Amino acid sequence: MTTRDIVLVALFAAIMVVLGLLPPITLGFIPVPITAQSLGVMLAGCILGARRGAAAMLLVLLLVAIGLPVLSGGRGGLAIFAGPTAGYIVGWVVGAFVCGLIAERLVREDQSELSQFISFLVASVIGGIGIVYLFGMPWLAYMSGKVFFETAAASLVFLPGDLIKAFVAMLAARAVLAGYPLLPQRA
């Protein structure tokens, strides 16, 4: 990694921390709060690419592990990795990687703007929502002692907000690509 890569990774880890300052919305029927931090996963993947986006999420997990209150609601510490939200939080790393990988493969600077918008949206939805849910829901079902399908149905409450976040990530990633492209290109 170059110095520029390290600075970008640290910047997006800081963005995740700032998104964690927004208070979480807790729901009575599911122990996972609605937070703004899943937007950071999508932004890191779409703007930085797979490697740097995943590295930014790993840095956030490291900050959580050493006890810094960087998660929404001022949470941090190793106990987070044994709680019901652990699957989602660990899924951030893979989600940012997949989001970045898809963006690197689909987005080209010589494409039309519409194609770029659609590509960033696809990357955000698959990596930032699909992959994070893929890690989070089974762990939540295990921790809550409920059947997976019951947990999955209850998790649908997150989908509208996450789709809005994917749309915001799409707009931000396209704006950054137009002004100061950071996304690595892959064949």
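Where does UniProt place the feature "transmembrane region"?

1. **Basis of the model.** This is a predicted model, in which local features need pLDDT of at least 70, side-chain atom pairs count only at pLDDT 80 or more, and totals for chains, interfaces and linings use all residues. Residues are numbered from 1 along each chain as its sequence is written, and side-chain values use heavy atoms, with hydrogens and water left out.

2. **Record annotation.** The UniProt entry, which is unreviewed, puts "transmembrane region" at residues 6-32, 53-72, 78-102, 114-143 and 163-183. UniProt positions are given here in the numbering used for this model, feature names are shortened, and annotations may be inferred rather than shown by experiment.

3. **Secondary structure.** The chain has seven helices and two strands. Helices (H or I, at least four residues) and strands (E, at least two) are DSSP runs, numbered from the N terminus. Their order along the sequence is α-β-β-α-α-α-α-α-α.

4. **Two annotated spans.** Residues 6-32 are 59% helix and 22% strand, with end C-alpha atoms 31 Å apart. In residues 78-102 the end C-alpha atoms also lie 31 Å apart, but this span is 68% helix and 0% strand.

5. **Overall dimensions.** The radius of gyration is 16 Å, which agrees with the value near 16 Å for a compact globule of 187 residues. This radius is taken over C-alpha atoms, and the globule rule is 2.2 Å times the number of residues to the power 0.38. Along the principal axes, the C-alpha atoms fill a box of roughly 50 × 35 × 25 Å.

6. **Burial and surface.** Of the 187 residues, 47% are buried. Buried means under 20% relative accessible area, exposed means over 50%, and partly exposed lies in between (1.4 Å probe, protein chains only). The chain exposes about 8,700 Å², and carbon and sulfur atoms supply 75% of this area. Accessible areas come from the Shrake-Rupley method with a 1.4 Å probe; for residues, only the protein chains shown count as cover.

7. **Contacts.** Among contacts in the chain with a separation of 6 or more, 74% join residues 24 or more positions apart. Contact means heavy atoms within 4.5 Å.

8. **S124.** This residue sits in helix α5 (residues 113-144). S124 counts as buried because its relative accessibility is 0%. Apart from neighbours within four places in sequence, S124 is in contact with M42, C46, C99, I129, A166, A169 and M170.

9. **A65 and A55.** A65 belongs to helix α3 (residues 50-65), and A55 is found in helix α3 as well. A65 is partly exposed, because its relative accessibility is 27%. Not counting residues up to four places away in sequence, A65 touches G77, L78 and F81. A55, with neighbours within four places left aside, is in contact with M1 and V9. From A55 to I6 the C-alpha distance is 9.0 Å, although the two are 49 residues apart in sequence.

10. **L171.** Helix α7 (residues 159-179) holds L171. With a relative accessible area of 40%, L171 is partly exposed. L171 and L121 are 50 residues apart in sequence, and their C-alpha atoms are 8.6 Å apart in space.
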